[in-house]
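Have the sequence and the structure open side by side as you read.

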Amino acid sequence: MRACTSRLTSSSGRYLKHLGYEVCYVRNFTDVDDKIIARANELGEDPISLSRRFCEEFSRDMMQLQCLPPSVEPRVSDHMPQIIDMIKQILDNGFAYRVDGDVYFSVEKFPEYGRLSGRKLEDNRAGERVAVDSRKRNPADFALWKTAKEGEPFWESPWGPGRPGWHIECSAMSAAYLGYTFDIHGGGMDLVFPHHENEIAQSCAACSNSNIGYWIHNGFVTVDSEKMSKSLGNFFTIREVIDLYHPLALRLFLMGTHYRSPINYSDFLLESASERVFYIYQTLQDCESVLEKSGSPLEDDSVPSDILNGINKFHSDFVASMSDDLHTPVTLAALSEPLKTINDLIHTRKGKKQARRAESLGALEKTIREVLTILGLMPASYKEVLQELREKALKRAGVTEEQVLERIHERTDARKKKDYVRSDVIRKELAALGIALMDSPDGTAWRPAMPLALQENSDSA
């Protein structure tokens, strides 16, 4: 399975590997373009150095989100020979023309132009998604090579010093590592036109056998139904989000919507995701604790039939949903039943008495762990991630754990004095901060929860 995309999620890569495919995943970096050059000039920095710094920061963010690293990560500045060779081939095949040191692709020479986006040539009005240039034979023609301008980096070529156009780099680098025919190509939905449309045209012009098996395009992250973007000033960086929310909570939030659909960023949805991952990991840690106390070796072939049937159904639902265009929301929803079964076996009177309880718990935990691993949601340690989730919740609430425990102590004293009004006030005050209290014969514990105001706003919406 060969794929070239900037946003092929690591869950899809892991799932393809789970199915037995050998995955070659190429994620390219554009480190030379108009915006980078303009920003570098503003900062008085070399464009390639600026790009390298941001590429490294991006890789750190992806690591935090447990995204698998690509098989190869090519950069434009390292692949000028391949880019120039492809432009030569396109010119030799009669699909491009030269103008004053620039090279343009002639869209009229490629009758299938528009097959991905469904757009017709007459829809491409100059000045909208295509640059205005009177030297073009058609307003929709796009640059393969741009002649050098003062203050910009450049490379030598048969057409004079210059740099590549935006689209050609992706075709050249994917061909270098995957060939002209490969399985999956993806990116944001805003890249369907003109970027991916132009990639198809120039790749087919260079090699008539060029073909992509599947094009996948992810929806935008929106804020109040508007696309999140730097130009609108309504964006949040990954670093800003994971300063307050655990990276695995952010990952689950993103996977809670199908990748092709827009996903609305909100505190409510992030809190919901954070609460959900806490529940998942708490359940699995409780399961682990029970199994450690049981002490006896587990017999895989002695799991009760009703538990085994439930596990088989969960696995079947998982494969069906992930094989149906990576439908992660359905997969995440399917986790509910096996997690509920674990909690019933651990906490209910009936569950504690069930025959082969330890074997059932062991089989359930193993199955869920395997699915979480494929989804990229498996932590190094249940105990550690739960503590990290608590710390993030305390930071959002603006309190320390010592302060929370002090309030719990005050509430315990109030209950001993039968001052239930005071007890309820303390519980509600903590709930308003996103701190839920759980009473048991062993005392009172706390866990992160949806802040009361967000709950009430959601209920009234």
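Start with Thr222, whose bridge partner in E10 is Lys227. This is a predicted model, so read each detail as a computed one. Strand E9 (residues 221-223) and E10 run antiparallel, with two bridges joining them.

Next, look at strand E3 (residues 96-99) and strand E4 (residues 102-105), which run antiparallel and are joined by four bridges. Strands of a sheet pair through backbone hydrogen bonds, whether parallel or antiparallel. Here, Ala96 stands opposite Phe105 in E4.

What lies between the two strands? E3 and E4 form a hairpin with two residues between them. Asp100 is in that turn, and its phi is positive, at about 50°.

H12 (residues 336-347) has 12 residues, and at 1.5 Å a residue it should span 16 Å; the C-alpha atoms at its ends are 16 Å apart, so the two values agree.

Which residues of H12 are buried? They are Pro338, Leu339, Ile342, Asn343, Leu345 and Ile346. Looking down the axis of H12, you would find these buried residues within an arc of 160°, so they line one face of the helix.

As for what covers the buried residues of H12, the list includes helix H9 (267-294), helix H10 (305-323) and helix H11 (328-334). Helix H13 (349-352) and helix H14 (357-375) are also among the elements covering them.

Asn218 belongs to strand E8 (residues 211-218). Is Asn218 buried or exposed? Its relative accessibility is 12%, and the cut-off for buried is under 20%, so Asn218 counts as buried. The Asn218 side chain reaches the backbone nitrogen of Gly188 at 3.5 Å.

Ser203 is in helix H6 (residues 192-206). Ser203 has a relative accessibility of 9%, so it counts as buried too. What does Ser203 touch? Leaving aside residues up to four places away in sequence, Ser203 touches Ser171, Tyr180 and Ser210.

Notes
Residues numbered from 1 in each chain as written. Predicted model: local features only at pLDDT ≥ 70, side-chain atom pairs only at ≥ 80, totals over all residues. Heavy atoms only, no water. Expected span 1.5 Å × (residues − 1). Buried < 20%, exposed > 50% of the residue type's maximum accessible area, 1.4 Å probe, protein only. Arc of directions from axis to C-beta. Contact = heavy atoms within 4.5 Å. Pairing = 2+ DSSP bridges. Polar contact = N/O pair within 3.5 Å; in protein donor to acceptor, adjacent residues only side chain to side chain.
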